[in-house]
Amino acid sequence: MKKLKAGIVGCGGIANGKHLPAMKKNGNFEIVAFCDLIEERAVKAKEEYGTADARIYTDYQELIQEDLDVVYVLTPNNAHAPVTIAALRAGRHVMCEKPMAKTYAEAKAMVETARETGKILTIGYQNRYRADARYLKRACENGDLGEVYYAKAHAIRRRAVPTWGVFLDAEKQGGGPLIDIGTHALDLTLWMMDNYEPASVTGSVFRKLADQKETGNAWGDWDPEVFTVEDSAFGFIKMKNGATIQLETSWALNSLEVDEAKTSLCGTKAGADMKDGLRINRVQYGRQCVEKPDLGAGGVAFFDGASERAEDVEQRVFYEAVVNGKPLTVEPAQALVVTQILEAVYESAKTGKTVYFD
């Protein structure tokens, strides 16, 4: 099979935790260039995942001039748009991490550049590739739920504030849990509903726990001095067809109801949620019932089964799109609407007014 020459811009946690291991496992990527503002990170990534002659850069403008098929943009949010746009204009296909961009205007420019250049652009919403998400998507596409008119997007952590990198930096990230994990929950929900036409957004954003000490945080106490983003945020989204979505997201919240990267859907024929595995609820033969599909691959003695990880499917889909022209799972126009809504939640919270779309 054709090998794709890949360049990596940003060699931090998301590169080493998701993309690089999955690309190595895929076997059809040759990672020939690495870029990071901290050169040591790029060197380390090359040693573990790169070809023997892979080049090291601290300036992405130099990397994108290499003989590359694809560029992975795995930087803080404020660099997503400039790096992606430059790579597309240099003739490279791009996988950009989520969220698409820090602002809607930047994300829109990314979509327009991909269209103008004819290059493939996709966004790293890997939760779409989970077994439960793929099953539920098929059910939605088949009309099993009927018209989905009410939904909830869940991204609630009780005490799991990321204390490393730039997660707490409003300037570099554009926000906290809303733009970090809320983006996944919202993406899943819109995708299941196949509804990308928002009419209005009302949002509330809070920074209520960030100044506390002895926090019980999963990764140790955070530093209130550098915690410049929200610790929770909530949105009420009305779509043009009247459907309504509630978005809930937090890194720190006094709640025992904890769910992340999940969706709940209510349709005219059935409902679904991911609260206790995937559950589809309906009335059948005059009785309320709940379907819980077995999403494992077991069933044989001494074999628990093995299913592909979401990040492995993500790499395969991107590869097939670039090499064989197969459809993307995450279209940039879809990711653009996610960013549009996230920005509207922040804007509504700032102004105290509902944001309306044309």
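How many bridges join strand 8 to strand 9, and in which sense do the two strands run? Select residues 198-206, which are strand 8, and residues 232-239, which are strand 9: eight bridges join them, and they run antiparallel. Two strands are said to pair if DSSP finds at least two bridges between them, while helices (H or I, at least four residues) and strands (E, at least two) are DSSP runs, numbered from the N terminus.

Before going on, note that this is a predicted model, in which local features need pLDDT of at least 70 and side-chain atom pairs count only at pLDDT 80 or more, whereas totals for chains, interfaces and linings use all residues. Residues are numbered from 1 along each chain as its sequence is written, and side-chain values use heavy atoms, with hydrogens and water left out.

**The sheet**

Stay with strand 9 and find Ile 237, the bridge partner of Val 201. Strand 9 also pairs with strand 10 in the antiparallel sense, over seven bridges, and Lys 238 has Thr 244 of strand 10 as its bridge partner. Between these two strands lie the four residues of a hairpin, where Gly 242 in the turn has a positive phi of about 95 degrees.

Next select strand 10 (residues 244-250) together with strand 7, which run parallel and are joined by seven bridges. Along this pairing, Ala 151 stands opposite Ile 245 and Ala 155 stands opposite Thr 249. Within strand 11, pick out Ala 261, whose phi is near 55 degrees, a positive value in a residue other than glycine. Ala 261 counts as buried because its relative accessible area is 8% (buried means under 20%, exposed over 50% and partly exposed in between, with a 1.4 Å probe and protein chains only).

Now show the whole open sheet, whose nine strands have the order 14-13-12-11-7-10-9-8-15, with mixed pairing. Strand 14 (287-291) and strand 15 (355-356) stand at the edges with a single partner strand each, so one side of each has no neighbour in the sheet.

**The aromatic residues**

A search of the whole structure finds nine aromatic pairs, and one of them is Phe 167 with Trp 251, an edge-to-face pair at 6.5 Å centre to centre with 80 degrees between the planes. This pair links distant parts of the chain, 84 residues apart, with Phe 167 in the loop between strand 7 and helix 7 (170-173) and Trp 251 in the loop between strand 10 and strand 11. Rings of Phe, Tyr and Trp (its six-membered ring) pair if their centres lie within 6.5 Å, and planes under 30 degrees apart count as stacked, over 60 as edge-to-face and the rest as tilted. Trp 251 is buried, at 0% relative accessibility. To see the surroundings, select Trp 164, Phe 167, Trp 219, Trp 222, Phe 227 and Trp 251, which form one aromatic cluster.

Which helix holds Thr 183? Select helix 8 (residues 177-193) to find Thr 183, which is buried with a relative accessible area of 0%. Its side chain makes a polar contact with the side chain of Tyr 125 at 2.6 Å (a pair of N or O atoms within 3.5 Å; within protein, one must be able to donate a hydrogen and the other to accept it, and residues adjacent in sequence count only if both atoms are side-chain atoms). Residues that Thr 183 touches include Lys 98 and Pro 99, contact meaning heavy atoms within 4.5 Å. The peptide bond from Lys 98 to Pro 99 is cis, with omega near -15 degrees, and Pro 99 lies in the loop between strand 5 (93-96) and helix 5 (104-117).

**Gln 126**

Finish at Gln 126, in the loop between strand 6 (121-123) and helix 6 (131-141). Gln 126 is buried, with a relative accessible area of 17%, and its side chain makes a polar contact with the side chain of Lys 18 at 2.8 Å.

Terms used: Lists of a residue's contacts leave out its neighbours within four places in sequence.
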